[in-house]
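Colleague: Could you take me through this model? I would like to begin with the helices.

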Amino acid sequence: MTKIFSLDGKVALMTGASRGLGRAMALALAAAGAHVVVNGRNEAGIEKTKQAIIAAGGKATATAFDTTDIVKADAAIDRIEKELGHLDILVNNAGYGNAKTATEATNAEWNEIIEVDLNACFRLAKRASVGMIRRGWGRIINISSINAHIAREANANYCAAKAGLEGLTRALAVEWGAKGVTVNAIAPGYMMTPDNMDTPLRADLEKREWFAQRTALKRWGQADELDGAVVYLASNASAYCTGTVLIVDGGMSVKI
Ligand SMILES: NC(=O)c1ccc[n+]([C@@H]2O[C@H](COP(=O)([O-])OP(=O)(O)OC[C@H]3O[C@@H](n4cnc5c(N)ncnc54)[C@H](OP(=O)(O)O)[C@@H]3O)[C@@H](O)[C@H]2O)c1
């Protein structure tokens, strides 16, 4: 049974893997057997994730680039294909919100979020798909958010970008399915990552508890609670699953 979850021989690129959910998912893919290429903008951060994977007995390489930098992102994918022979799994995880209300956000602040959470994911998927389609096997996993489904105040750009990312997931699934490439998304709820866009929210204990009570499980998610979802979608266990959004939110979106 565990064989269908094996990623032995596969190469995965995890964007935004220096900390938080990306780091946890990178470790999980490596534990399942993949060689994980760890990305982020900050060299020191991705080096730590790479070393953690190696210390756990896994295989990893680090490559620093900003996912919104078209030239560097394309070059990184080409380098992986050349140096490691193939890129089989892309996890579009790098992303964030800037907590601006629609009223106060400038065009630049709107565009920044659309660029990192949607446009960059499209370009990486497009570039990575070339080799995947040629080989007839690929997995693209887009990290969306529960905010694609239910909105929070001061988050219009983020909600729009993540909803767009889920639409893109369906469109690419339809376009590339017959070519052996599946495209799915994971929509996490509120997760306890150490230092991210929700740090100020979690610092307010009343709000923190309010978000916990909004879920069916009455708690925030832990950073490693996407591990099962990402290994499933990256492996042959999900062979007949494409264009779907796996919601991992402790039941927040099904609760009144
Ligand atoms: N945590 C949650 O509760 C939650 C809930 C729903 C969805 N999500 C989504 O899950 C993903 C990860 O969230 P997280 O909470 O783990 O975030 P995080 O802790 O802030 O980590 C974000 C990671 O992305 C990297 N990054 C940011 N912008 C980048 C860029 N332009 N190019 C390359 N790397 C970049 C950061 O590293 P550098 O700073 O070194 O670049 C870091 O490794 C995001 O897409 C987020 O929207 C998170």
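Modeller: Helices (H or I, at least four residues) and strands (E, at least two) are DSSP runs, numbered from the N terminus. The model is predicted, so local features need pLDDT of at least 70, side-chain atom pairs count only at pLDDT 80 or more, and totals for chains, interfaces and linings use all residues. Residues are numbered from 1 along each chain as its sequence is written.

Colleague: Where is Gly-164 placed?

Modeller: Gly-164 belongs to helix H5.

Colleague: Which residues of H5 are buried?

Modeller: Among them are Tyr-158, Leu-165, Leu-168 and Leu-172. Their cover includes helix H4 (107–135) and strand S6 (181–188); contact requires C-beta atoms within 7 Å.

Colleague: Turning to the ligand, which residues come nearest?

Modeller: Gly-16, Gly-20, Arg-41, Asn-42 and Gly-95 do, of the 29 residues around the ligand; a residue counts as near if its C-beta atom, placed from the backbone, lies within 6 Å. Helix H1 (20–31) and strand S2 (35–40) are the elements giving two or more residues to that shell.

Colleague: Which element gives the largest share of the shell?

Modeller: H1 does, with three residues.

Key. Buried ≥ 20, exposed ≤ 12 C-beta atoms within 10 Å, placed from the backbone. Contact = placed C-beta atoms within 7 Å.
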